[in-house]
Amino acid sequence: MEGFSGKGKISVLMVCLGNICRSPTAHAVMEKYIENKGLSQLIYVDSAGSGAWHTGEPPDSRAIAKARKRGYQLETYRARQVNAADFQNFSFILAMDEENQRDLLKQSPESQKEKISLLLDHSSSGLSAVPDPYYSGEKGFDLVLDLIEEACAELLETLSSKIQAHPKRS
Ligand code: 4NP
């Protein structure tokens, strides 16, 4: 397992069920937005699944193909399960849906629970969940990208403001 590379940075962990569809998509979108803003030295992003079924696997081929069309690269990612250290390491732990959020809250030490929220809590979409696309058709994967792009853009605005307000802490 890879170590944590976000020490000293604001760090964001994207979490879904399998870590092969939604959270790797959110990982790649957020990473690209961070790079585009020149903030890679200050913000770190990773993804994981609440379940272990797909550990070690690349993302779902449908997620890879849809993301590639919009300029995101997912194919080098490998699925991993959320672990105890994640709750200590990450500044923000963002669940794709309420089930993922409940699983995270069950696992988290009490002192780290405030780090856990829904990704779409950071978006003005009015929705709460990025729907699981695994058993959906093509359209499910397009919707995942639409919701994630909107939320990551807004999340990055929030994080950029935090960095500007507290430049020495980051
Ligand atoms: P994800 O999608 O949580 O967005 O990665 C899923 C991937 C696999 C399964 C369910 C959802 N599965 O049941 O194997």
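Visitor: Which residues of helix H4 (residues 98-107) are buried?

Guide: This is a predicted model, where local features need pLDDT of at least 70, side-chain atom pairs count only at pLDDT 80 or more, and totals for chains, interfaces and linings use all residues. Residues are numbered from 1 along each chain as its sequence is written, and side-chain values use heavy atoms, leaving out hydrogens and water. Buried means under 20% relative accessible area, exposed over 50%, partly exposed in between (1.4 Å probe, protein chains only); helices (H or I, at least four residues) and strands (E, at least two) are DSSP runs, numbered from the N terminus. By that cut-off, the buried residues of H4 are Asn100, Gln101 and Leu104.

Visitor: Why do the buried residues of H4 line one face of the helix?

Guide: Look down the H4 axis and take the directions from that axis to the C-beta atoms. The buried residues line one face because those directions fall within an arc of 100°.

Visitor: How many bridges join S1 to strand S2 (residues 43-49)?

Guide: Strands pair if DSSP finds at least two bridges between them. S1 and S2 run parallel, and Cys16 stands opposite Gly49 in S2. The bridge count for S1 and S2 is seven.

Visitor: In S3, what is the bridge partner of Met14?

Guide: S1 also runs parallel to strand S3 (residues 92-95), with four bridges joining them. In S3, Met14 has as its bridge partner Leu94.
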